[in-house]
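Open the structure in a viewer and keep the selection tool at hand. The stops below go from the ligand to the whole chain and then to single residues.

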Amino acid sequence: MTATTHAGVTFGNRFARELPELSAPWEAEPAPAPHLVLLNEALAVELGFDAEFLRSSDGVSVLLGASVPEGATPVAQAYAGHQFGQYSPRLGDGRALLLGEVTDTRGRLRDIHLKGSGRTAFARGGDGRAVLGPMLREFIVSEAMHALGIPTTRSLSVTLTGRQVQRDDVLPGAVLTRVASSHLRVGSFQFARATGDLELLRRLADHAIARHFPSAAKAANPYLAFFERVVSAQAKLVAQWMLVGFVHGVMNTDNMTISGETIDYGPCAFLDAFDPDAVFSSIDLQGRYSFRNQPHAAGWNLARFAETLLPLFADDEDAAVALAEQAVSGFGPVYQEAWVSGMRSKLGLPGDVAPDTFERLLGELLTLMQRSGADYTSTFRALGAYARGNRTPALDIFGEAGPAFRTWAQAWLALSPNASAMDAANPVYIPRNHLVEEALEAALDDELEPTRRLLAAVTAPFDERPGLDRYATGAPQDFGDYVTFCGT
Ligand code: AMP
Ligand code: MG
């Protein structure tokens, strides 16, 4: 039996209380030798925790789920999901627990969630565990995304359990303590709908509306308004991924939040050389979740989400389907508008450049980048320098395509791009795949400095600083094709 502790922050159990059909009360597996590896102090403070307490052995106990804070009811959440298009009726938290919710210092309700806390009723064949490398990876990438201004779950801590975990090698077991505005997913609704209990589905939708889109409750058709807001949030989210060159890698419906936050950093990666067809995940053989397919995949998931909500849209099925189709079709325009406006910022071009001029210019640039294998992130940053008259970085990137680039740049410069605005839109530092791997490898030898240095770079991504050049450059030639893995 786990002990109860006072964490200095008031925990609640709203999800567990309001939706008992969608969770199983559970306890974390005991950790033989807990050890805190990384603590996100700024986030701890934002949540109202005393960072000193979290560093103490009682605090680490909370971060691992070994002691349950007063007011919390840890549960494994149930959800279904389409994985690579195949429907699985029962996924759920196989190795994770929702510890409870806290109200942060700004009054927002936040989930505190443990990933790698042991087998649950949903574990199927899995061991319920997580290992150090992938949990640090989620910490680094999620915090980088947050700093880039992209909605995401956050990472509070990574803690070693002291248990050795069998993967291809034997690796140190770890728990990631994750924070989200909620862990409601499209798959949560698929699970609720599949029970056939429409009152449960309605209660879940009401819970989601109250937590994420309270204004929808006042609409003429609240559930349709709710759905439209999720569509819009997801369209804007995926546009932001596309603007920074992020490939999520496993956009299954169980990995798509209702809040519009990015979740589940498994096989994700950032583009180095610009390649619209880039796929990093070892299991994505068809390229279903390739860079360029992400908007399409999101739209597909939202159509599955709409299907679960049909009975709430209208009593008449045909009417409900018509409403759903219309709402799903709202994805394209919102996505396009967010992406184009983001690209306008990246190119430093104010809104008064005519849309067709802008789109032609952008199309030409992307084609040039693709042909010359230009580094996606560095190119946009180098364009800012180019606009200021420092032409070397961009010309180095385009190499043999230099003359073609100069011709393009002449047309672009004629539109007077705003270099400072570009620097605020184009990051210098992203979690480069080779640097993430380097940091994780060092961490296996108890060497945390590379992780800390990488975090320092990517959590202030627009702020170019001396001495951080290696964090601003793409992978060396010998890094090869990057391959990522799920469920580790
Ligand atoms: P993910 O690919 O991380 O989104 O996980 C997909 C599903 O597999 C979820 O239901 C997870 O809880 C489950 N899962 C992943 N890894 C494990 C594991 N080691 N043990 C138990 N369940 C797992
Ligand atoms: Mg998942």
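Which polar side-chain atom lies 3.1 Å from an oxygen atom of ligand 1? Select Asn255: the atom belongs to its side chain. This is a polar contact, meaning a pair of N or O atoms within 3.5 Å; within protein, one must be able to donate a hydrogen and the other to accept it, and residues adjacent in sequence count only if both atoms are side-chain atoms.

Before going on, note that this is a predicted model, in which local features need pLDDT of at least 70, side-chain atom pairs count only at pLDDT 80 or more, and totals for chains, interfaces and linings use all residues. Residues are numbered from 1 along each chain as written, chains are lettered from A and ligands numbered from 1 in the order written, and side-chain values use heavy atoms, without hydrogens and water.

**Ligand 1**

Stay at ligand 1 and select Asp127, where an N or O atom of the side chain is 3.0 Å from a nitrogen atom of the ligand. At Gly128, a polar backbone atom is 2.8 Å from a nitrogen atom of ligand 1. The protein buries 85% of the 480 Å² that ligand 1 exposes when taken alone (Shrake-Rupley method, 1.4 Å probe; for residues, only the protein chains shown count as cover).

Now select the 16 residues around the ligand, those with a heavy atom within 4 Å of it. Gly92 and Gly94 are among those that come nearest.

**The whole chain**

Zoom out and colour by pLDDT, the predictor's confidence in each residue from 0 to 100. The chain mean is 97, and 99% of residues reach 70 or more. Confidence is lowest in strand β1 (residues 3-5), at a mean of 66, and highest in helix α8 (residues 222-244), at 99.

In cartoon view there are 18 helices and 14 strands; these are DSSP runs, helices being H or I of at least four residues and strands E of at least two, numbered from the N terminus.

**Two loop residues**

Select Phe84, in the loop between β7 (81-83) and β8 (86-88). Its phi is positive, about 50°, although Phe84 is not a glycine. Most residues other than glycine have a negative phi. Phe84 counts as partly exposed because its relative accessibility is 25% (buried is under 20%, exposed over 50%, partly exposed in between; 1.4 Å probe, protein chains only).

Last, select Asp446, in the loop between α17 (433-444) and α18 (449-458). Asp446 also has a positive phi, near 65°. At 67% relative accessibility, Asp446 counts as exposed.
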